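Q: I would like to learn how to read helix packing and backbone geometry in a model of this kind. Could we go through it feature by feature?

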Amino acid sequence: MIELEGVPELIDPVMVAAFEGWNDAGDAASTAVAHLEREWKGEVFAALDAEDYYDFQVNRPTVFMDGGVRKITWPTTRLSVVRVGGDKPRDLVLVRGIEPSMRWRSFCNELLGFAHELGVELVVILGALLGDTPHTRPVPISGTTSNADLARRMDLEETKYEGPTGIVGVLQEACTHAGVPAVSLWAAVPHYVSQPPNPKATLALLNRLEDLLDLRIPLGELPEDARAWQLGVDQLAAEDSEVAEYVQTLEQARDTAELPEASGEAIAREFERYLRRRDSAGPAASGGHATADGGESGSFLRDTPGERTRPPRAPKPETTDTGRTADAGGGDSPGTSGTSDTPDDSSGASED
């Protein structure tokens, strides 16, 4: 029995979850939830028992000193609540943890128990996968659900994915079977620059979450971090002619694929975001990762001297499939239900 003492009655609560590991390329998803916790000063009210779900030889505990006393932090999943102010205040139940090593069904049932007790109306699960997408373009975001009615109402893709899945896919299906509306938002991270952090992908997920929930998220330094990240990758790519050529191939394929989608819908979405931010302006309020084809990819190469990160030499992809993203963890998106722009030095524009 789950008892939640000290948690106030929540207003239109939505659960937002992310898990480190296979579903979290570039740590983009888990960093997005951490950003929400930090900006809205969330306080942890519950944690799952680490003994039940984690192999400590895979996810090792860490030792730290606290006032001269040695303490241990165990890998687990924690829940916190934050209240979003404004004209229509609402609460977010934030779930941040690590993909469990075992007993996934029990893990999902325990999270759904919390959702039921708190009166959660919608579960949004954030994920990130590796794909054939250039770092110089807006981050593709795919929004998927198993609920056909929800797909129509929220302009999402109804998932048709078949293949390997992670805890994001398992939790989404558990929500569906329990009658809890659930959505997955996936960011596509360039496979040739997969090491964390990836603030551009994190920013894209947060912007898509804003659109989905119709709220304003304080972004802090994320836009500037995204610019700096892109400049850094530009410099690394420029040092290797083969990588630069490969990036150019991805750019051409992406631009060709999206040419018909330079639509009024994308412009309207960006304008709505601008109005929302203007109206609310005022006082500051580990292993591999999922890939677009459902496989797994590891981190990339490091030069031994000075550990300088550099992209690997990747083969050129077939242009017919470039630009497509697939939900390796719980949904297939044969396109994107919305592209996420971040500040791009070539255009000066910012989206998603």
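A: We can start with a convention for angles: those under 35 degrees count as roughly parallel, over 145 as roughly antiparallel, 65 to 115 as roughly perpendicular and the rest as oblique. The axes are lines fitted to C-alpha atoms, for helices over the stretch in contact, and the angles run from 0 to 180 degrees between N-to-C directions. The axes of helix 1 (residues 28-39) and helix 6 (residues 199-213) come within 8 Å and cross at roughly 60°, and helix 1 and helix 6 are therefore oblique to each other.

Q: What kind of model is this, and how are its residues numbered?
A: This is a predicted model, in which local features need pLDDT of at least 70 and side-chain atom pairs count only at pLDDT 80 or more, while totals for chains, interfaces and linings use all residues. Residues are numbered from 1 along each chain as its sequence is written, and side-chain values use heavy atoms, with hydrogens and water left out.

Q: How many helices and strands does the protein have?
A: Helices (H or I, at least four residues) and strands (E, at least two) are DSSP runs, numbered from the N terminus. By that reading the protein has nine helices and 13 strands.

Q: Which handedness does the crossing of helix 1 with helix 6 have, and which residues meet there?
A: A crossing is left-handed if the near helix is turned anticlockwise from the far one by less than a right angle, and right-handed if clockwise; helix 1 passes helix 6 in a right-handed crossing. With contact taken as heavy atoms within 4.5 Å, Ala28, Ala29, Thr31, Ala32, His35 and Leu36 of helix 1 meet Ala201, Thr202, Leu205, Leu206 and Leu209 of helix 6. The residues of this contact divide into eight nonpolar, three polar and no charged, where Ala, Val, Leu, Ile, Met, Phe, Trp, Tyr, Cys and Pro count as nonpolar, Asp, Glu, Lys and Arg as charged, and the others, Gly among them, as polar.

Q: How do helix 6 and helix 7 cross?
A: The axes of helix 6 and helix 7 come within 8 Å and cross at roughly 140°, so the two helices are oblique to each other, and helix 6 passes helix 7 in a left-handed crossing. Pro199, Lys200, Thr202, Leu203 and Leu206 in helix 6 meet Leu222, Pro223, Asp225, Ala226, Trp229 and Gln230 in helix 7. By class, this contact has seven nonpolar, two polar and two charged residues.

Q: Is Tyr192 buried or exposed?
A: Buried means under 20% relative accessible area, exposed over 50%, and partly exposed in between (1.4 Å probe, protein chains only). Tyr192, in the loop between strand 10 (182-190) and helix 6, is buried because its relative accessible area is 0%. Val233, which lies in helix 7 (residues 222-238), counts as buried at 5% relative accessibility, and the C-alpha atoms of Val233 and Tyr192, 41 residues apart along the chain, are separated by 9.9 Å.

Q: Which backbone features call for a second look?
A: Most residues other than glycine have a negative phi, and most peptide bonds are trans. Asp27, in the loop between strand 1 (14-20) and helix 1, has a positive phi of about 55° although it is not a glycine. The peptide bond from Pro196 to Pro197 is cis, with omega near 0°, and Pro197 is located in the loop between strand 10 and helix 6.
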